[in-house]
Amino acid sequence: MAEQAPSDVATAELQRSIALVDDDRNILTTLSIALQAEGYATRVYSDGEAALKALTENPPDLAVFDIKMPRMDGMELLRRLRETSDLPVIFLTSKDEEQDEEAGLAMGADDYIAKPFSQRLLLARIRAILRRASSVRDPGSEAGEEETLDGPMIERGRLRMDPSRHRVMWMDRPVSLTVTEFLILEALAQRPGVIKSRNQLMDAAYPDDVFVDDRTVDSHIKRLRRKFRVVDPQFSGIETLYGAGYSFSDG
């Protein structure tokens, strides 16, 4: 399917662009129309191979992947993309694909939505992720420019977080986090030892009143621990308090 682009180039430069990757042409058409109605520019691809080249050479602001696709499925597409890019990605999954959801989140997807889904829910998650990506990834380093996120440096024992530049260090070694992971860790690190419930952590990461179930919260925590253990196999800074939530230990 051919890439769709707004006719007015000046307008296109101001629009956020969303890539849709799915082998179901009905879904591509329906979502593209809905997103364009919300002011987004859309690009549509019916298989992973075609999408990978385009997303690498000319990245959009966010991509929505189906998992089950011919030639290259969404899992492989995400794996290949994560080798060079931290492009925000939302997975579309079937209800019986819980293992795929876990694997996708572990590889760096920002979120997933189970089919069938409401367009309203998908649009809300797209808005939330784009807003978070803008607030933590725009460098604002030009002279006289205001920082996009005004939070001060967070230093907790071996942890250092720079919210304005989306940088995380553990034992003076960098840890690469997605937007959602960063905001969850920030919520925990702001008050070491204080238990944060799953709802509190999702409020920190999803400010648009978007429903996120417990599996998503737990998956993000697992990914955080896994990434920190790459640089420190003994990492135990995120503690689970069963039935209550999670806390950060700076010891």
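A salt bridge is a side-chain nitrogen of Lys or Arg within 4 Å of a carboxyl oxygen of Asp or Glu. A search of the whole structure shown above finds 13 salt bridges. The structure is a predicted model, in which local features need pLDDT of at least 70 and side-chain atom pairs count only at pLDDT 80 or more, whereas totals for chains, interfaces and linings use all residues. Residues are numbered from 1 along each chain as its sequence is written, and side-chain values use heavy atoms, with hydrogens and water left out.

The overall picture comes first. The chain contains nine helices and 11 strands; helices (H or I, at least four residues) and strands (E, at least two) are DSSP runs, numbered from the N terminus. The chain has 251 residues, and 47% of them count as buried. Here buried means under 20% relative accessible area, exposed means over 50%, and partly exposed lies in between (1.4 Å probe, protein chains only). The accessible surface of the chain comes to about 12500 Å², and carbon and sulfur atoms account for 47% of that area. Such areas come from the Shrake-Rupley method with a 1.4 Å probe; for residues, only the protein chains shown count as cover. Among the contacts (heavy atoms within 4.5 Å) with a separation of 6 or more, 60% are between residues 24 or more positions apart.

Strand β4 spans residues 89-94, and five of its six residues are buried. Two strands are said to pair if DSSP finds at least two bridges between them. Strand β3 (residues 62-66) pairs with β4 in the parallel sense over four bridges, and F65 has F91 in β4 as its bridge partner. Strand β5 (residues 111-115) also runs parallel to β4, and five bridges join the two. In this pairing, the bridge partner of I90 is D111 in β5. Together, β3, helix α4 (residues 74-81) and β4 make a right-handed β-α-β unit. A crossover is right-handed if, with the strands pointing away from the viewer, the path from the first strand over the helix to the second runs clockwise.

Another strand, β7 (residues 159-162), contains D162. With a relative accessibility of 11%, D162 counts as buried. Leaving aside residues up to four places away in sequence, D162 touches M153, R167 and F182.

Attention now turns to the salt bridges. Side chains of opposite charge can pair when their charged atoms come close. How far apart are the closest N and O atoms of E181 and R223? In this salt bridge the distance is 2.6 Å. E181 lies in helix α7 (residues 179-189) and R223 in helix α9 (residues 214-231), so the pair ties together parts that are 42 residues apart in sequence. Both partners are buried: E181 has a relative accessible area of 0%, and R223 has one of 2%.

A salt bridge also joins the side chains of D218 and R198, with an N to O distance of 2.9 Å. Because D218 belongs to helix α9 and R198 to helix α8 (residues 198-205), this pair ties together parts that are 20 residues apart in sequence. R198 is partly exposed, at 25% relative accessible area. Salt bridges that share partners also join E76, R79, R80 and E83 into one network. Within this group, the side chains of R79 and E83 meet at 3.2 Å, N to O. R79 is partly exposed at 37% relative accessibility, while E83 is exposed at 53%.

Helix α8 also shows how one helix can have two kinds of side. An α-helix has 3.6 residues a turn, so residues three or four places apart point the same way. In α8, L201, M202 and A205 are buried. They cover an arc of only 95° around the axis, which puts them on the same side of α8; the arc is that of the directions from the helix axis to the C-beta atoms. On the other side of α8, N199 and D203 are exposed.

A final point concerns the backbone. Most residues other than glycine have a negative phi. Which values does phi take at M171 and D172? Phi of M171 is positive, near 55°, and phi of D172 is positive too, near 65°. M171 lies in the loop between β8 (167-170) and β9 (173-174), and D172 lies in the loop between β8 and β9 as well. M171 is partly exposed, at 39% relative accessibility, whereas D172 is exposed, at 62%.
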